[in-house]
Amino acid sequence: MNTEATVMKETPLQRFWSEFCESRIAVASLVVLLIIILLAALAPWITPQNPYDLAQVDVLDGKLPPGSDAYAGYTMWLGSDGAGRDLYSAILYGIRISLTVGLAAGFIALIIGTVIGLTAAYAGGRVDTFIMRAVDIQLSFPAVLIALVLVAILGRGIDKIIIALVAAQWAYYARTVRATAMVESAKEYVEAARCLALSTTRIVIRHVLPNCLAPLIVIGTVQTASAIALESTLSFLGVGLRQTEPSLGVLISNGFEYMMSGRYWISFFPGIALLLTIVSINLVGDQLRDVLNPRLKR
Amino acid sequence: MTAFIIRRLLQAALVVFLMSVIVFFGVNVIGDPVDMLISPDADQAEIARTIQALGLDRPIGEQYLHFLKGVATGDFGKSFIFGEPALKLILHHMPATVELALVSLLMAILLGIPLGLYAGLYPDRKVSKGIIAGSILGFSLPTFWVGLMLIMLFAVVLGWLPSTGRGDTAVFLGIESSLWTRDGLSHLFLPALNLALTNISLVIRLTRAGVREAMHQDYIKFARAKGLSESRVVSVHLMKNILIPIVTVLGLEFGGLLAFSVVTESIFAWPGMGKLLIDSLLQLDRPVVVAYLMIIVLFFVVINLVVDILYSVLDPRVRLKDQGA
């Protein structure tokens, strides 16, 4: 053992990591989440079939129970859906779409919310009042309702759903960033930066923003999970993504009609994939909040 | 105080007006209802007649003014599909939704408070940890997913409960409801439980937090010192004090229940206004979509207005802060 290494102080990242690992559930969730992401990323190389290449799908394989052999020879471990797609392949491709929509919506909402929140915090006065009123009003409506209004207006499709999700979620980021920025800008380091006659833009971007990152990361994880849940809800209702963009919600919706006749697997397995995705993101987010929130520090 | 109420009223009116503009113009941009409603075999004269009958030939600004005038008199236009006034259609579907929402609110209270109480009184027991873990799941799982699992378990695998429709209704005390028949109740149980899930979790959390905070208060210690039985301390002294925030939050959540009933009603084919909205969205039945959205927005604005005013009465700081900003 290297004695020097044990004497050396932990870097902040190492400390963060060791605190994160204190919860076994959080670590397990992180592992599950990483596996899901990896499976989704590698989908084209590890699935027996591209479920949306019509040449590879055979209607004769339709509605086969888990473990059946497809006409092409491979085993459908999770069964097949009404159109004869291998569910294992369809689920991995579905996770790709669900994750893409959730991450894109979460990221865009984060950027827009951060810019608006920082503007409110630094412009103050009427601008601040106006922005925060808008945020309050929007947050008084459930996200589902806002998304439904926008879907009614915009129609279906990946780009439109992302817009609807961003519109339903930006306010959470704006409020968090504004509150954090207000607290941070009252601290000494900002005062010191002002004394150095740095421009407001520079202070906001280089000094205040980095210190707002911790709550942003926490809220970003939780909101991404809820974006995925919201997208799958809309898709399940038939007003979200189209059949040609089969997210997990679309797969579950497709299988719903077969459920009554006992062909549970067509909805059930995509449902389990959705459950694992959402719950693992939420549990990782919970632990991030505990680790990153200074008020909860022991 | 008066100034505060007037300002809030104006603000509420502005929100309703903005929503009417967004909803009306937005919804009128989707698709072309002419394509959907007129059979491909119809001749030109028939198409023109239908367009005129539905008022689709006029400029959109004029259609909006006509719409506003209609809204003021409670007329949102006729449904393209049913040929009935949209408002009448929605009001016709409303009792089923309100019934579902009220029953699920009741479930949230009847299930949430005892579970939360247990978890708060015995925080170290395994069961309590299970309850808390369950409430985390209740928050993070999408409603439709849980509904699907409920159908699978109770309707398909066990075959105990029906999974679609409202069942038999009966009239009692002048109210037509599924609550009065066995068949109706069996149809109501699963959708109500599904809709209640988020609120059950919420009540569990609130009750548990309330109990853990209140147990160390002096009035609890004093009640014990008087020699009251533990059950009396909990059921009278403790409950009275923790119920206030729970009731407040649940009142606020009622609007959310109506909004989320869109999802539950679609899964369980419950004939309420949420299912009507989704069906109308899929069929591009614009008057019904617009009317539903306007009614639900109005509903939310009224709830928030009442809550704001009540809070400002109870807590003058809210009012002062609003004036300062």
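Trainee: How much area is buried between chain B and chain A, and which atoms give it?

Mentor: Buried area is the accessible area (1.4 Å probe) that two parts lose on being put together, summed over both. In this predicted model, chain B and chain A bury about 3,300 Å² between them, and carbon and sulfur atoms give 84% of that. On the chain B side, B:Phe144, B:Trp145 and B:Leu148 lose the most area to chain A, together 18% of what that side buries.

Trainee: What ground rules sit behind these values?

Mentor: Residues are numbered from 1 along each chain as its sequence is written, while chains are lettered from A and ligands numbered from 1 in the order in which they are written. Local features need pLDDT of at least 70, side-chain atom pairs count only at pLDDT 80 or more, totals for chains, interfaces and linings use all residues, and side-chain values use heavy atoms, with hydrogens and water left out.

Trainee: How many residues does each chain bring to the contact?

Mentor: Contact means heavy atoms within 4.5 Å. Chain B brings 41 residues and chain A brings 34 residues.

Trainee: Which elements of chain B touch chain A?

Mentor: Helices (H or I, at least four residues) and strands (E, at least two) are DSSP runs, numbered from the N terminus. Elements giving two or more residues include helix H1 (2–29), helix H7 (143–157) and helix H10 (230–268) of chain B. H1(B) gives the most, with 8 residues.

Trainee: And what about confidence in chain A?

Mentor: That's pLDDT, the predictor's confidence in each residue, from 0 to 100. Chain A averages 83, and 88% of its residues score at least 70. Confidence is lowest in helix H1 (residues 3–7) of chain A, at a mean of 52, and highest in helix H5 (residues 87–123) of chain A, at 91.

Trainee: How many helices and strands does each chain have?

Mentor: Chain B has 13 helices and 2 strands; chain A has 12 helices and 2 strands.
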